[in-house]
Amino acid sequence: MGPGADTRAPGAAVTVALCGHWEHEPPCPLAPHRTRTHRVGAVVHVRVLFAADPGMDSAVRSRIGSALSDGQLRGPDGGVTQWRVCASHRSDIRVDERDVAVRLAREG
């Protein structure tokens, strides 16, 4: 992502893919989720934590992957934020995420 790019855009794209729009009433219809980003130079790391029924796991992961791979989102001001996915992988829930994971699972 460029230096002035909105790092919230990839998370909003994930929310659109899972919920239909980044502004919606809770709960998330497909999978409660939380997206965090942090920038290291030109690289923005995106981490998505979600809760889904085991039978929906693949569908949710596919939607997240597609949303991020699309590499762009038009924001409410009409501007387009662009990014490029360099790598993607699945990982375990970190210790510092356990409380959020429990909350997401209760919402689901």
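Select helix α3, residues 98-107, and look for V100, A101 and L104, its buried residues. Buried means under 20% relative accessible area, exposed over 50% and partly exposed in between, with a 1.4 Å probe and protein chains only. Helices are DSSP runs of H or I with at least four residues, strands are runs of E with at least two, and both are numbered from the N terminus. The model is predicted: local features need pLDDT of at least 70, side-chain atom pairs count only at pLDDT 80 or more, and totals for chains, interfaces and linings use all residues. Residues are numbered from 1 along each chain as its sequence is written, and side-chain values use heavy atoms, leaving out hydrogens and water.

Next, select T81 in strand β4, residues 80-82. T81 counts as buried because its relative accessibility is 15%. Leaving aside residues up to four places away in sequence, T81 touches M1, A5, D6, A9, G71, Q72 and L73, where contact means heavy atoms within 4.5 Å.

Last, show α1 (residues 9-19) with α2 (residues 57-70). These helices pack at an angle of about 135 degrees, with axes 8 Å apart. On the α1 side, select P10, A13, V14, A17 and L18; on the α2 side, V60, R63, I64, A67 and L68 make the contact.

Technical notes. Axes fitted to C-alpha atoms, helices over the stretch in contact; angles between N-to-C directions.
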